[in-house]
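This briefing is intended for a reader who has the sequence and the coordinates at hand.

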There are 2 protein chains.
Amino acid sequence: MSKSLDFLTEALRRLPGIGPKSAQRMAFHLLQHDREGAAMLSRALYQAVDTVHHCASCNTFADTEVCELCSDDTRERALLCIVETPADQMMIEQTMTYKGLYFVLMGRLSPLDGIGPRDLHLDKLVGRATDGVVDEVVLATNFTNEGEATAHYISEMLKARGLKVSRLARGVPVGGELEYVDAGTIARAMLDRRSA
Amino acid sequence: MSKSLDFLTEALRRLPGIGPKSAQRMAFHLLQHDREGAAMLSRALYQAVDTVHHCASCNTFADTEVCELCSDDTRERALLCIVETPADQMMIEQTMTYKGLYFVLMGRLSPLDGIGPRDLHLDKLVGRATDGVVDEVVLATNFTNEGEATAHYISEMLKARGLKVSRLARGVPVGGELEYVDAGTIARAMLDRRSA
């Protein structure tokens, strides 16, 4: 039919979770109903590929050498919270309970997907955490198997270098009813019980 | 965080069926794992917006003034099949049972969505169908309420201009078991029964 349309459909399949039918539907929609949106997306992609890199300090996506949060003088520089993704970092920021800095792994250890310590740039993390200012590292990776393994690995690595390492508390979620919480979570909450 | 990243996430939401979480996931994926794919998609969008227009003859997407299929001298020029989308046209082409030409509506009549005869450029269709060469028009719009209404409207319009108009046969699908076919389809198949 149209070579440009075929190329666009093929390119849309590079998006995660988009198969051939969805890609075709998206291409038709953009060309038929939203050419302005297509042009805007083209510019946004070009600009992002061109300007977005990793913050020299915390490794998250940034347009500048050091991101805004890392440049903020009001944050506590002795606290370093380690998260898997920028989305996780945003969730923690929304809680307004943390005033330290971050390090964003941009992934997790996942041997099955071929992601080892090297792919996560853990050397960059070690350099960051042992700058002499950081005193405590808070591990806030996910509580999945891979997130837990990542936390364990980093914990061992940083404790060996004399840092204080903590982990987000596990337990029954706020508003949770015991009847509907899984047994593993309750077992953990029982082991980690605190004096009331 | 990063303005370019925010802009990209916002632009990705212009894609049909993509909400804020999916857009964010796509943006992270492209920047972290597939910058080449992002650059390719940027180029593909730019090129498509720039070059893809509607075939002067059949109204489908094309890079040239008249699309390849319409320029093909081996097709029967007396037969004109009307479909809703380029995807529908491709499905009919795959059956290898039709050797005529097409007219692609790029939509269907849908008063609820504000799509009337004018938005579908039915004047272009009338001009095409009354060129003196076309003898029979085959209506191959979908068998949904909107597709049926569109077929009915076009049928009346073209019959008034003296053209022979036909519709794809309705009935029990090939391989279909009566027990699992809906009553409306069986009723239709009964009314349209043919001598065996």
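The points below are grouped by topic.

The structure is a predicted model. Chain A and chain B meet in a contact that takes 52 residues from chain B and 52 residues from chain A. No disulfides are found over all chains, the count being zero.

**Interface of chain A and chain B**

- About 5,100 Å² is buried between chain B and chain A, and 67% of this area lies on carbon and sulfur atoms.
- There are 18 residue pairs in polar contact between chain B and chain A, with both residues at pLDDT 80 or more.
- At least two residues of the side of chain B that touches chain A come from each of these elements of chain B: helix 1 (3-12), helix 2 (20-33), helix 3 (35-51), strand 1 (53-54), strand 2 (61-62) and helix 5 (86-95).
- The element of chain B that gives the most to this side is helix 3, with 16 residues.
- Sorted by class, the side of chain B that touches chain A consists of 29 nonpolar, 13 polar and 10 charged residues.

**Salt bridges across the interface**

- The rule finds two salt bridges across the interface of chain B and chain A.
- A salt bridge is formed by D34(A) and R14(B), whose closest N and O atoms are 3.0 Å apart.

**Cysteines**

- In chain A, the cysteine sulfur closest to that of C67(A) belongs to C70(A), at 3.7 Å; this is too far for a bond, because a disulfide requires the sulfur atoms to be within 2.5 Å.
- C67(A) is buried, its relative accessible area being 4%.
- In chain B, the sulfur of C58(B) has its closest cysteine sulfur in C70(B), 3.7 Å away, and is therefore too far from it for a bond.
- C58(B) also counts as buried, at 1% relative accessibility.

**The loop residue N59(A)**

- N59(A) is placed in the loop between strand 1 (53-54) and strand 2 (61-62) of chain A.
- With a relative accessibility of 4%, N59(A) counts as buried, because the cut-off for buried is under 20%.
- A polar contact of 3.0 Å joins the side chain of N59(A) to the side chain of K124(A).
- Apart from neighbours within four places in sequence, the residues in contact with N59(A) are H54(A), F103(A), V104(A), L105(A), M106(A) and K124(A).

Definitions and conventions. Residues numbered from 1 in each chain as written. Chains lettered and ligands numbered in written order. Predicted model: local features only at pLDDT ≥ 70, side-chain atom pairs only at ≥ 80, totals over all residues. Heavy atoms only, no water. Contact = heavy atoms within 4.5 Å. Buried area = accessible area lost by both parts, 1.4 Å probe. Salt bridge = Lys/Arg side-chain N within 4 Å of Asp/Glu carboxyl O. Polar contact = N/O pair within 3.5 Å; in protein donor to acceptor, adjacent residues only side chain to side chain. Helix = DSSP H or I, 4+ residues; strand = E, 2+ residues; numbered from the N terminus. Nonpolar A, V, L, I, M, F, W, Y, C, P; charged D, E, K, R; others polar. Buried < 20%, exposed > 50% of the residue type's maximum accessible area, 1.4 Å probe, protein only.
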